[in-house]
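Colleague: I am new to this structure. Please take me through one part of it closely, step by step.

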Amino acid sequence: MAVSPPSTMLSTIQSRDIPFQGSANARSPLTMTHADRELTEQLNDDVRRKYVKDKKLGEGTYAVVSLGYLKTDPSVFVAIKKIKVNAEYKDGLTMDAIREVKYLQELSHPNIIALHDVFSSKDQTLNLVLEYLPRGDLEMLIKDGNIQYGAADVKAWMGMLARGVWFCHENFVLHRDIKPNNLLIASDGEVKLADFGLARSFADPYLNMTHQVITRWYRPPELLYGARQYSGAVDVWSMGMVFAELLIRVPFVAGNSDLDQISKICEAFGTPTDDNWPGVSKLPNYFPPDRAHIIPLQGRDFFVRQFPTAGPVGADLLMSMCALDPRKRSTARQILSHSWWSTEPKPTKKEDLPKKAGGTKKMGDDMGRRVGQVDDGLFKNAARQLHF
Amino acid sequence: MAANYWVSTQRRHWLFSREGLVDVREKLREKDKLSHTQFPLPDQRLLNIYFNQQLTKLGKRMSTRQQALATAQVYIKRFYTKNEIRHTNPYLVLSTAFYLACKMEECPQHIRFVVGEARGLWPGKSDVRITKRPVDFITSDVAKLGECEFALISEMNSQLIVHHPYRTLSELQPELSLTSDEVALAWSVINDHYLTDLPLLYPPHVIAVMAIIIAVVFKPSQTSFHGSGPPPLAGAMRDGAGMNILAALGEKGASGPPPRIQKLVGWIAESEVDIKAVIECTQELVSLYEVWEQYSEKTCKELIGRVVKSKNLDK
């Protein structure tokens, strides 16, 4: 992979065309600059020329995503994500862009979107050449009433998600924005974890991290309570929420503010107290519940009743992902060794999974969106229906 | 640290052989022999000491993590394997590497703040007599740093994650029951290895093991580390006694050294660490401490200032 800045900007770090005083320098410093540049620019051009940019797939505040294909083989498609750089580099590259490049360069796994190349274009922007995932995302499937799917399909999707998340955690990376519209679908049906704009490495012990991550409906209680030190358990909660949403086809806990999110979580799973979650009252944004309204922790029956499609074993897995206390929540590894995967029905083969046409525009929009955002309009109605 | 070192871009793309590194630098020199003649610069390691000290100053003013400074130093090394230092404004490269490394190590600093601090730290005005015009090493235009960030990322092929030996050190502390003094000493040896080419030549675990050996074997009375001169370790390492022990590392079941060291030797023999590499790293560090004696901040500052001013690289 190679990226090279266009020559216009090189003056900052390269010599200017001002002859050195008193020297008999026949070559201007600028020529030398070009000589030096040649190789890297050449490499960058080679990369850029490998691909042909086609139509725009989507656009967001952060990036424009276009369809592209290999020049040598037009049947091989890619998605080219062009990162919008702040006007005149005012504030440097955003953390989103930095994180995305940083992690995708290192992580390679069938359930994580692949970064094929990076190059810079003439207008001084970074272009990420990403795997092309034409079948939209899980959100589209969930919301499309014309699509029927069952337990075996959910098991297949969840299995792919769990493997992707496990791989991130195994490599000490937290994704921090798992939700259905970040789970893109490849042409062969494989689910891929995308959008690493909020990802970061596990922090060293005692080092604080921000709690302002993960789209609200998928955000775990410890983050809502303002925890600054947390683990892979935050992603596991989000996975649990995706799992629940796949089963009931509406977001399971959809608060319309952070406070509302907490109260909806309490209603759904029980009120966090020092008894069921030792130490929770010490978290910065914790507030003691009204004694009259303490809801006891939900047991297995609740999950079995609420999510009949999953079957008792599936409900057990879901429950382990939705433990309020992050220390009691399953890890990605434990999830993968759960007995649900080997219980009937077997997961659907990825080629046979339900699919939907017209996913490309969705991919474009998904990838261009700023992280941590949800298209508010989309779920408005769904949220209103949800009062339990 | 994130992701797995063995499949990392660091191991796949940024690990050089000694010959490879010499070759890369020789090619840079070949391309512009004239500049090399006109603008002599001190030994690379002395320059590194200067860069390191400047970065530390910059970092101190903004209370940054050690790891970000380490990452910045690796970025600078990588950048200068592809770019002739005499064509750059090292102060801008330093500030940018610092700014980017802070973002990478999750302790971001605002670009304006970095530029402001860098300007305060490196005022160019004292050199008016050379150029007959007052100039700053870093302009107040933050966009310059933004542009340079883009160039830095590009030159590093967007491969930004750097694995450091610090973590290996922390992991091995309980296993080898290292005392806190030994850990502190090994830690500062790791800090010092950024002054050499070692981060481009060896994987981080080899460096960590080397640092532990030095800490345990040489165990110099630890006074204040990092003054202006080479650390006291230099003397301890030069007197040779320790080198014999090192030599014994290669032979299994060496007898003679005290039990504490024997235990370490035993552990290393059983581990699959490349002992030859560890010894080479140790030697590299010994020669660093020798070169250190010639270090003069003033010389480095003047020579770099001359390059930047004469070629108008500060624009």
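Modeller: Let us start with a term. Two strands pair if DSSP finds at least two bridges between them. Keep in mind that this is a predicted model.

Strand 3 of chain A covers residues 77-83. Five of its seven residues are buried, so strand 3 is largely enclosed by the rest of the structure. Buried here means under 20% relative accessible area.

Now look at the partners of strand 3. Strand 2 of chain A, residues 63-70, is one of them. Seven bridges join strand 2 to strand 3, and the two run antiparallel. To find the pairing on screen, pick A:Val64. Its bridge partner in strand 3 is A:Lys82. Then follow the chain from strand 2 to strand 3. A hairpin makes that link, through six residues.

Strand 5 of chain A, residues 126-131, also pairs with strand 3. The sense is again antiparallel, and the pairing extends over five bridges.

Strand 5 leads on to strand 4. Strand 4 of chain A covers residues 115-120. Strand 4 and strand 5 pair in the antiparallel sense, over five bridges. A:Asp117 stands opposite A:Val129 in strand 5. Strand 4 is mostly covered, too: five of its six residues are buried.

Strand 3 pairs with strand 5. Strand 5 pairs with strand 4.

UniProt places the feature "active site" at A:Asp177, in an unreviewed entry. Where does A:Asp177 sit? It is found in the loop between strand 6 (173-174) and strand 7 (183-185) of chain A. Is A:Asp177 buried or exposed? Its relative accessible area is 0%, so A:Asp177 is buried.

Conventions: Residues are numbered from 1 along each chain as its sequence is written. Chains are lettered from A and ligands numbered from 1 in the order in which they are written. This is a predicted model: local features need pLDDT of at least 70, side-chain atom pairs count only at pLDDT 80 or more; totals for chains, interfaces and linings use all residues. Side-chain values use heavy atoms; hydrogens and water are left out. Buried means under 20% relative accessible area, exposed over 50%, partly exposed in between (1.4 Å probe, protein chains only). Helices (H or I, at least four residues) and strands (E, at least two) are DSSP runs, numbered from the N terminus. UniProt positions are given in the numbering used here, feature names are shortened, and annotations may be inferred rather than shown by experiment.
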